[in-house]
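Subject: Structure handover

Hello,

Here is the structure you asked to take over. My notes on it follow below.

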There are 6 protein chains.
Amino acid sequence: MMKSIMLFGEMLLRLTPSNHQLFIQASQLNMVYGGSEANIAVALSNWGEKTSYATCVPDNNIGLAAIMQLRQFGVNTDYVIQQGHKMGLYFVEEGHSIRPTEVTYDRQNSAFVDAVPNDYQLEEMLGQAKWLHVSGISLGVSKQARETTMALVKLARQKGIKVSFDFNYRAKLWSIEEAREAFIEILPYVNVCFGSYMDVLTLRQEKRKVKSFDEKIELLKELQKEYNFDQIFTTEREILDDNVQNLSCAVITATEHHKLGPVRVNVLDRIGTGDSFVAGALFGLANSYSLQETLDFALSSFALKHTIVGDFQVASKEAVQGFDLNGEKVIIKR
Amino acid sequence: MMKSIMLFGEMLLRLTPSNHQLFIQASQLNMVYGGSEANIAVALSNWGEKTSYATCVPDNNIGLAAIMQLRQFGVNTDYVIQQGHKMGLYFVEEGHSIRPTEVTYDRQNSAFVDAVPNDYQLEEMLGQAKWLHVSGISLGVSKQARETTMALVKLARQKGIKVSFDFNYRAKLWSIEEAREAFIEILPYVNVCFGSYMDVLTLRQEKRKVKSFDEKIELLKELQKEYNFDQIFTTEREILDDNVQNLSCAVITATEHHKLGPVRVNVLDRIGTGDSFVAGALFGLANSYSLQETLDFALSSFALKHTIVGDFQVASKEAVQGFDLNGEKVIIKR
Amino acid sequence: MMKSIMLFGEMLLRLTPSNHQLFIQASQLNMVYGGSEANIAVALSNWGEKTSYATCVPDNNIGLAAIMQLRQFGVNTDYVIQQGHKMGLYFVEEGHSIRPTEVTYDRQNSAFVDAVPNDYQLEEMLGQAKWLHVSGISLGVSKQARETTMALVKLARQKGIKVSFDFNYRAKLWSIEEAREAFIEILPYVNVCFGSYMDVLTLRQEKRKVKSFDEKIELLKELQKEYNFDQIFTTEREILDDNVQNLSCAVITATEHHKLGPVRVNVLDRIGTGDSFVAGALFGLANSYSLQETLDFALSSFALKHTIVGDFQVASKEAVQGFDLNGEKVIIKR
Amino acid sequence: MMKSIMLFGEMLLRLTPSNHQLFIQASQLNMVYGGSEANIAVALSNWGEKTSYATCVPDNNIGLAAIMQLRQFGVNTDYVIQQGHKMGLYFVEEGHSIRPTEVTYDRQNSAFVDAVPNDYQLEEMLGQAKWLHVSGISLGVSKQARETTMALVKLARQKGIKVSFDFNYRAKLWSIEEAREAFIEILPYVNVCFGSYMDVLTLRQEKRKVKSFDEKIELLKELQKEYNFDQIFTTEREILDDNVQNLSCAVITATEHHKLGPVRVNVLDRIGTGDSFVAGALFGLANSYSLQETLDFALSSFALKHTIVGDFQVASKEAVQGFDLNGEKVIIKR
Amino acid sequence: MMKSIMLFGEMLLRLTPSNHQLFIQASQLNMVYGGSEANIAVALSNWGEKTSYATCVPDNNIGLAAIMQLRQFGVNTDYVIQQGHKMGLYFVEEGHSIRPTEVTYDRQNSAFVDAVPNDYQLEEMLGQAKWLHVSGISLGVSKQARETTMALVKLARQKGIKVSFDFNYRAKLWSIEEAREAFIEILPYVNVCFGSYMDVLTLRQEKRKVKSFDEKIELLKELQKEYNFDQIFTTEREILDDNVQNLSCAVITATEHHKLGPVRVNVLDRIGTGDSFVAGALFGLANSYSLQETLDFALSSFALKHTIVGDFQVASKEAVQGFDLNGEKVIIKR
Amino acid sequence: MMKSIMLFGEMLLRLTPSNHQLFIQASQLNMVYGGSEANIAVALSNWGEKTSYATCVPDNNIGLAAIMQLRQFGVNTDYVIQQGHKMGLYFVEEGHSIRPTEVTYDRQNSAFVDAVPNDYQLEEMLGQAKWLHVSGISLGVSKQARETTMALVKLARQKGIKVSFDFNYRAKLWSIEEAREAFIEILPYVNVCFGSYMDVLTLRQEKRKVKSFDEKIELLKELQKEYNFDQIFTTEREILDDNVQNLSCAVITATEHHKLGPVRVNVLDRIGTGDSFVAGALFGLANSYSLQETLDFALSSFALKHTIVGDFQVASKEAVQGFDLNGEKVIIKR
Ligand SMILES: [Ca+2]
Ligand SMILES: [Ca+2]
Ligand SMILES: [Ca+2]
Ligand SMILES: [Ca+2]
Ligand SMILES: [Ca+2]
Ligand SMILES: [Ca+2]
Ligand SMILES: [Ca+2]
Ligand SMILES: [Ca+2]
Ligand SMILES: [Ca+2]
Ligand SMILES: [Ca+2]
Ligand SMILES: [Ca+2]
Ligand SMILES: [Ca+2]
Ligand code: NI
Ligand code: NI
Ligand code: NI
Ligand code: NI
Ligand code: NI
Ligand code: NI
Ligand code: NI
Ligand code: NI
Ligand code: NI
Ligand code: NI
Ligand code: NI
Ligand code: NI
Ligand code: NI
Ligand code: NI
Ligand code: NI
Ligand code: NI
Ligand code: NI
Ligand code: NI
């Protein structure tokens, strides 16, 4: 039987007014589902990778709707538990041009946040897994979620399952100090890391601006050395005018590093782009792509997600592979 | 300066899929605001009554949107406090014909639920009040909300302000036993009561079906005697086929009682109809209508609300007064 | 060359909130076009009858949109003039069950209302006409519109063109007294009349309720005699509960009269139903149907329009003819 | 490993204007997916029954969207093949009251219609199956689809797998004569049959109206005898005014028969109701319910589907079981 | 008691098709409310400034909806009168890139246009005012509105209330000649002026292009000298490609002048941006900001409004203050 | 009687999810109608040119809706035939920035595709025509459509009617080899040609990139010579970042050639832009514009269509003429 990539984290319902309205202007909300690890699970499964996702959703019609969203993409939901009453939510006021997008969280005391390790079938979850991916968000939302995450990570390493980790620091969730303490605990168990130079500074309790991408890569090289990661991946975003951005990325191993980019893109939906980069990188690793091919697939996924609404990267494998980073622009296929 | 009717309770954001969809079918949600006491405040203010409403909403863009909904109807929001992070929500799957409407609450740990008496300006809230209205929901959502409600009610009676109370029992919020204990504490402070024979049975710890409206009125007469309410109001709903209902009501005082109805109505939106009855009755009392006129206005408001979408009774005073309970049907005014 | 039915009157843009909302609840409006004579023109043309419609719309993008609505149904718009700045509008709050639909007009000083007879090509308009239809609304909206209507009617009779007229009394437009004076002026020129017993009472300056349809028909017989109409047609509407109505109709000539109905219908959109009856009757007359067949087609059109949204009767000729007044109910055709 | 119910047939995309509009009035279409056997698969799977569905969808983004709809309900789609270019479509003009719903098919030359038996993995499809369900539609859409259906049915019987069959006659697809010939071929292989007295008359080449439900049941008893079905199920629909219908059903075996109903329901969406009855009956049989319990579950599912939009029966097992055929009406659960 | 800023002018209902459609393509219209002075009142009140707005709306459900829009932002509407039948409207076809936005007015004979000075309570309106703001639009829509405006302005100066004025020349409303005569009458009463070099040329009866911002400022300096305004404010707009604009502004007093900008912005909604600049400047003056701080707040408000749909500037005070004219770009806050 | 421009080709219904959604994300589709020759007919007729369009639509409510779309713009539809069952459809996933728009056709076996020459009234179609326009799409969709097109073209030349032709090569419809054979057959009958250098390479069986516009024009000059076209028109599109494009065009005759452009435009809807260029050129020729004026009108139409949603060029003649290729930017007209 084929082994699968297991992901664990919170699934959220995103509620967004249409047409860049503020909440005080709206009378309807668009519903999409997301959450960093769910986003990655959907992309991987949609590309044909065997994928399982574990989370806790409330035992009601809202939780059921969340599960159905995952299942339509083929994600295995056997380890999703249904208990409690509250779905994690977030409200988004989509910005435009100089006006930033504003996120309002309503995820405290959610079913996931309140679930304890014993609520899950930790052993079974990893029984068919070849890989485990988690993120810093699960360390930050509650003591219980952090315990579950750490239990999973440790168990995975015992079983010889590779562990990947995305820092995913969210300033509205916890302080840098709280985060640092949790990061230090988890990093020794991590094989593949996704992060930014900001995370290195957090770990070092430094606060300064770093401008050049090369200098940022240097900081990440030091992190790689400290924890001996198989790989550490990072993205770089140069914000031009009018929602136009230049996107780049890099990967660092003990022996080499590669940069790729930039790709210029006009943003339709920024949310979930980081996750689509992670998904692309994991897909490359899972399919034994070369590091260069992995970066190419990850950057293509990252760039294309900026042009897709919703948290999920729904571009097909063919669309991601067919995207030519340096190629001629095709505007219509008919 | 004119004195106002003060209302206290939780405001909620209602999220509803269009066209009777279940949550698992929906990709958009309609937003309306409600909450029993807010609904009454809006109706009273819209009819020209000076009205103030106190609640606690989160200190974010969701809470602000809720306040703006009240202000547009002229409700005084000076005593609305903004703190905490969570707006009380409820999700509604609108039923149709034989399929009941399904409410899923997400109101635990909301800003209102967690607020304590000291967070409010209780003295100031009643400074310009001639009347205070509260409901059983505020007794049930949390210990703190119950304390605030009781403090307000006691303070009102000290100041000679009339107190009205609506039992508003919600099975998804608390058990009958918990509710009974709270009802027994508050009823001695109540001048005007809104309830049903079910509430009398709850107080008596009885469980039985009562079929005839007259028999139900008898039970309420006994309650009136026990607590010596100025008035106790009640509504009666006979459900015919196809969302068609016969609506009636009654009022009981120490010396008299009146019944009115039925009015036959096809339901567009059931939610908030009970509140529109309360609003109608309070409006009659506040304007020194006779008991018969009060019942007539309250039943007209009750019936018309069934044909209006959203929790708020937005029919104008002229529309309510102009509704002829026994008159010819007018289908278009042009 | 085939001769056409010419219609003259004001075209209006109807703006309606969705889902029975009041105006104060709405943030979007649905746009449909209407106007009594335009509605009839559209139905006749859609059924294959050669039809021309004359009106005046503003010389801007709003007026152009109105013309395009007519053209899509094949109505000849060569005699529609474009001048002035204001389109006649009406806002509709759709009622439900016991709550009546509320119309708010914004048609004063519209392009049509301000146009004078010389603005139109009266001679040319009737050059290819075999029939002229006008209604009481054009007599009521302005002195100029009344002058144009009277000029057309007189010219038609001079040319031997048949004239049909629908009283169409609107209480929000003018008083009964003003209307009566205008009706008395036009009736001598009318060949085929559409009206109700209320119009007879208006002419007689009487005010009383008439309950039975037979008694109403008696009043209309007297009107037929007085003006020697070829035919006078009338409809009868019994309002049952819940938007359910029983629809009947009758025709009266110098020598005979026929009743048809009732058909029971649940109303989706009441507006324009009277016009769809007129269209049905004119279609029967234009195609030399027997009086019985004419009534059958007119009542079928009348009934079906109640189930169609918008002012226009868009049911096909086959749908109207195929409707079996007494037949078995078909709920789906597949 | 648990065995599954296998279903085979065409999946369709339904396109419907909003608010009962005709196609000529519409500028947007709602998308839902359906098809008789897909509808049954979704209901069964949603109720927790292991279910697999085989069909052929085009190898493009439209076909993919169809598959995802099934997967979200947990239906196994391993045997769905993707080839060809055309999705079967149908356009629906939703009727209202006396106006019937009108279906316009666009399914000729679809991927499913053109697929031949060899395109499918017939052996594998039945490898894990305990039951096979097919319908008359697959016999009617093309010679190839009929061949595939017959091959499947024969193979199932060879393997000892029970076969159920729904006549599902569609007048817009084929003539009664063509259908009769195909029905005669398949019936000997059928264990459980779903049909109406009309199908019996078709087989007998008779044409007459049968009014009473008991008389209809007599006709079906004779069919049961002829083919010795384990069971034959039927539904009965009395159309009252205003989209209100009385729904009944019956089951007939060699030794007994039962009737149940009527349930009175106001229709929101008629399409897919027959399939929800079949799903309910199959669920009862699969779970060893008594015949009475099976009828009860099937009629509850049938009735509730009338109040749900879309082709799929999405009511939960709890909602279907909790529906009390004779009970008190509950209008809101909160 | 705190004194308020009083604004007077017409409120309008804006009707706009979605997604940049032309009117001939649309079947729905979005409703937002606006009007130069209403826009300013809403922004000031939303930022916490005590604000009152006087206008005349029709005495119907449309006028009521307009008032409610103001009230939700906390604007005092005690001096809004309700009489007449017509709401001022404007239809907008939103342009895109090289296609300009097209406004079609329907405001002739509106309730505001027809109201005369005696319809208002001029004395009371200014009773609690510390400031009065009016604009050139009110001088242009009718003789009556101009009379009311002039009466208010003169009364304000008598009472020692500061007067601000925005030229707001609209070519579709009146000719340059008509406007010039009215401007000359009002300017002697103005303390704070908002205008452009075009207005100076109008006053001088000159017609020429001025390219450089500095040259434009020179012209405004001369106007400041002529009328001895406390301040004159102006904005400058450089239109780059693709809806991208560079926004600047300046203020001129007897002794100094300051320029600020440019800020580059991609436009979501251009309408109401000038008003949001005025609101920002008045807010700075009312709160004793320095001229530099005032310009900064006004330009931030001006720029942010370009990214907000609708006529109203609904960005919070915190969002305006937090906008860093030269700062790093923040694209999401989470 | 004025002669008309006759166009022949397939009309299609375009179905598009909102807001750049992929098909798997959508639950609603926007409906617009198109087809290369229909698009040109609508533009010409909307600008006041007498225009007739012949096609074949299915004999159902979908085909009728298509005809009505044409009629609203004044296009003569007397030669549209209604037979068969299938409307040609195409589904569009609107791209954004680096993600290309994806077209999925569903037009095989459509009513148009299956119609044979004898189904049309070829003689009558050209009876009142002064011009005939066809495109390569009709040569590619079926043998029958190609036969009809060739019959029409030959008949036109016999009658002395000018023939224009647009290559319109679509890679999803046929191979370059198939297309080449058909092009070689039709070109001798063509007076005015619309094409690109790619078409020249196709005819020559060459495959290479040509970068400069001048070099492309050289290739087209050779084509002009070979077939002695009155004119050959071409467009040039430079794709900048972010949906921004530079648009140019050229015309070549036996004796001269002209280039015009570029115009920079931000694209709202790319589909139908080529047709709007053809319409502009034909309009210039039909109205005896100079070649320079013709190019100017054609390029203005081409550029403006990029800012209009839907396949139809609905910009008015005034808007196209008023567009100043080199002028100052106007962003709002009010
Ligand atoms: Ca709103
Ligand atoms: Ca969106
Ligand atoms: Ca959905
Ligand atoms: Ca609504
Ligand atoms: Ca609203
Ligand atoms: Ca519907
Ligand atoms: Ca339309
Ligand atoms: Ca519509
Ligand atoms: Ca439009
Ligand atoms: Ca908008
Ligand atoms: Ca669009
Ligand atoms: Ca969806
Ligand atoms: Ni946007
Ligand atoms: Ni945008
Ligand atoms: Ni916010
Ligand atoms: Ni409904
Ligand atoms: Ni309904
Ligand atoms: Ni539910
Ligand atoms: Ni409705
Ligand atoms: Ni309704
Ligand atoms: Ni109204
Ligand atoms: Ni409906
Ligand atoms: Ni309906
Ligand atoms: Ni139809
Ligand atoms: Ni836009
Ligand atoms: Ni745009
Ligand atoms: Ni325009
Ligand atoms: Ni877009
Ligand atoms: Ni976009
Ligand atoms: Ni695609």
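In what order do the 8 strands of the open sheet in chain D run? The order is 4-1-9-10-11-12-13-14, and the pairing is mixed.

Some ground rules before the rest. This is a predicted model, in which local features need pLDDT of at least 70 and side-chain atom pairs count only at pLDDT 80 or more, while totals for chains, interfaces and linings use all residues. Residues are numbered from 1 along each chain as its sequence is written, chains are lettered from A and ligands numbered from 1 in the order in which they are written, and side-chain values use heavy atoms, with hydrogens and water left out.

The sheet in chain D

Helices (H or I, at least four residues) and strands (E, at least two) are DSSP runs, numbered from the N terminus. Two strands pair if DSSP finds at least two bridges between them. Angles run from 0 to 180 degrees between N-to-C directions, and axes are lines fitted to C-alpha atoms, for helices over the stretch in contact.

Strand 1 (residues 4–8) and strand 9 (residues 129–135) of chain D run parallel, joined by 4 bridges. Ser4(D) has Ala129(D) in strand 9 as its bridge partner.

Two helices of chain D pack on this sheet. Contact means heavy atoms within 4.5 Å. Helix 10 (residues 273–286) touches strands including strand 1, strand 9 and strand 12 (231–239) of chain D. The direction of helix 10 makes about 145° with that of strand 12. Helix 11 (residues 291–305) touches strand 12, strand 13 and strand 14 of chain D. Its direction makes about 20° with that of strand 14.

The sheet in chain F

Chain F has an open sheet of 8 strands in the order 4-1-9-10-11-12-13-14, with mixed pairing. Its edge strands are strand 4 (51–54) and strand 14 (257–266) of chain F. Strand 13 (residues 244–252) and strand 14 of chain F run antiparallel, with 8 bridges between them. There, Cys249(F) is the bridge partner of Leu260(F). Helix 1 (residues 36–46) of chain F packs on the sheet and touches strand 1 (4–8), strand 4 and strand 9 (129–135).

Where chains A and B meet

How many residues of chain B are in contact with chain A? The count is 29, and they touch 29 residues of chain A. The buried area is about 2,300 Å², with 61% from carbon and sulfur atoms. Buried area is the accessible area (1.4 Å probe) that two parts lose on being put together, summed over both.

Strand 3 (residues 28–34) of chain A pairs with strand 3 of chain B in the antiparallel sense, over 3 bridges. Leu29(A) stands opposite Leu29(B) there.

A salt bridge is a side-chain nitrogen of Lys or Arg within 4 Å of a carboxyl oxygen of Asp or Glu. Lys86(B) and Asp106(A) form a salt bridge at 2.7 Å, N to O.

Salt bridges overall

Over all chains, the structure holds 108 salt bridges. One of them joins Glu181(B) and Arg146(B) at 2.9 Å, N to O. Glu181(B) lies in helix 7 (residues 176–186) and Arg146(B) in helix 6 (residues 143–158) of chain B, 35 residues apart.

Best wishes
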